[in-house]
Amino acid sequence: MSEIYIVAEIGCNHNGDFKLAKKMVNEAKKAGVNAVKFQTFKADQLISKFAPKAEYQIKVTGNTESQLEMTRKLELPYDEFIKLEEYAKELGLDVFSTPFDFDSIDFLASRQQKIWKIPSGELLNLPYLEKIARLPIEDKEIVLSTGMATVEEIKMALSVLTTNGMRSEKITILHCNTEYPTPFEDVNLNSIAGLKKQFSSYKIGFSDHSPGYFAGIAAVPYGITFIEKHFTLDKNFEGPDHKASVTPEELQLLCEGIRAVEKSLGSIEKIVTNSERKNKIVARKSIVAKRNIQKGEVFTVENITTKRPGNGISPMSWYEVLGKVAENDFEADQLIAHAGFKEQEV
């Protein structure tokens, strides 16, 4: 299998600060991700002045300002995004951003962005889905997050995307829970298997909002191809998403854990690996002389036993060896040899 594509979701955790955003890109690179992702929006095009804050937003930022007022402070100007995009590419990272309004779609399209992440909140936004699906960008990939969505709603969104030019092999469906942070009992990793069965012609990934990095690593055996995780330099920073994000240290552990589990999955077939084969002689046992044995003696439980190493007659032949006549002299601990028995393969 190919490596899982790991994305550090910087989102708006830069708090509108270019220097902080640049430092986050650098830390994400050190952690071992494949890509960094931002959020591009004009707050006044995204949020109505009447829109309430989410419960988790109130919990971490209070209720003295509106969702619109809070979000205005998190905007990243287009020119600063371009600088961050260029910097990330210089570091060897892929970089893309989620647009939250039509002007931002046009801006990112002007950058010929290849990966288009559709957030859970836009899954049923018909004109938004149509606009992204129709963008004339070669090899465009769409990543569809499915928090809060039923299977029928996912099918509706996919229908819009595919009828507007997207091929299923260019779409990745992300299992997601839109709570920040997601309680472990609501992560529901088993639903990834259900998504793979119901949407077999699509790639399946995971947008993880749970605490820490455990669920992200645990998702690897489900066959995901893509994972994103919110990322911050300090969970105590002011802003709505920091509490539900991982630190650089946790992001590195996530990356290391994913790569280790990928390597560990192996084959469905039980095999003897090359790394362990050499240890057969050390760990297994053979039939050996329990004491000095003279040629012509009969092998009995009094004069033979089993000990390491494992390159003599297998103990599985114990009862066949008992009663046989020694063809040579053997000193104590010496491997028993007899014409009727083969040595174990090592």
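Among contacts in the protein between residues at least 6 apart in sequence, what percentage join residues at least 24 apart? And which residues form the aromatic cluster, and how are its rings arranged?

Modeller: This is a predicted model, and what follows should be read with that in mind. On your opening point, 70% of the contacts between residues at least 6 apart in sequence join residues that are at least 24 apart. The chain contains 14 helices and 10 strands, and 47% of its 346 residues are buried. Its radius of gyration is 30 Å, whereas a compact globule of 346 residues would have one near 20 Å, and along the principal axes the C-alpha atoms fill a box of roughly 100 × 45 × 40 Å.

Now to the part you asked about. Across the whole structure the search finds 9 aromatic pairs. One of them is formed by Tyr 78 and Phe 107, which are stacked, with 4.1 Å from centre to centre and 0 degrees between the planes. This pair links distant parts of the chain, since Tyr 78 belongs to helix H5 (residues 78-90) and Phe 107 to helix H6 (residues 102-110), 29 residues apart. Phe 107 has a relative accessible area of 10%, and because this is under 20% the residue counts as buried. Phe 107 also pairs with Phe 81: the ring centres are 5.9 Å apart and the planes stand at 75 degrees, which is over 60, so the pair is edge-to-face. Phe 81 lies in helix H5 and Phe 107 in helix H6, so this pair ties together parts that are 26 residues apart in sequence. Both Phe 81 and Phe 107 are buried. Together with Phe 38, the residues Tyr 78, Phe 81 and Phe 107 form one aromatic cluster.

In the segment after helix H14 (318-321) lies His 338, which counts as buried because its relative accessibility is 15%. Leaving out residues up to four places away in sequence, His 338 touches Phe 299, Ile 313, Lys 324, Val 325 and Glu 327. Gln 334 is also found in the segment after H14, but with a relative accessibility of 33% it counts as partly exposed; beyond its neighbours within four places in sequence, Gln 334 is in contact with Val 288, Ala 289 and Asp 329.

The backbone also deserves a word. The peptide bond from Tyr 180 to Pro 181 is cis, with omega near -10 degrees, and Pro 181 sits in the loop between strand S6 (171-176) and helix H9 (190-198). Asn 188 is placed in the loop between S6 and H9; although not a glycine, Asn 188 has a positive phi of about 55 degrees, and at 46% relative accessibility the residue counts as partly exposed. Another cis peptide bond joins Arg 308 and Pro 309, with omega about 10 degrees, and Pro 309 lies in the loop between strand S10 (304-307) and H14. Met 148, in the loop between strand S5 (141-145) and helix H8 (151-163), has a positive phi near 70 degrees and is exposed, with a relative accessible area of 61%.

Key
Residues are numbered from 1 along each chain as its sequence is written. This is a predicted model: local features need pLDDT of at least 70, side-chain atom pairs count only at pLDDT 80 or more; totals for chains, interfaces and linings use all residues. Side-chain values use heavy atoms; hydrogens and water are left out. Helices (H or I, at least four residues) and strands (E, at least two) are DSSP runs, numbered from the N terminus. The radius of gyration is taken over C-alpha atoms; the globule rule is 2.2 Å times the number of residues to the power 0.38. Buried means under 20% relative accessible area, exposed over 50%, partly exposed in between (1.4 Å probe, protein chains only). Contact means heavy atoms within 4.5 Å. Rings of Phe, Tyr and Trp (its six-membered ring) pair if their centres lie within 6.5 Å; planes under 30 degrees apart count as stacked, over 60 as edge-to-face and the rest as tilted.
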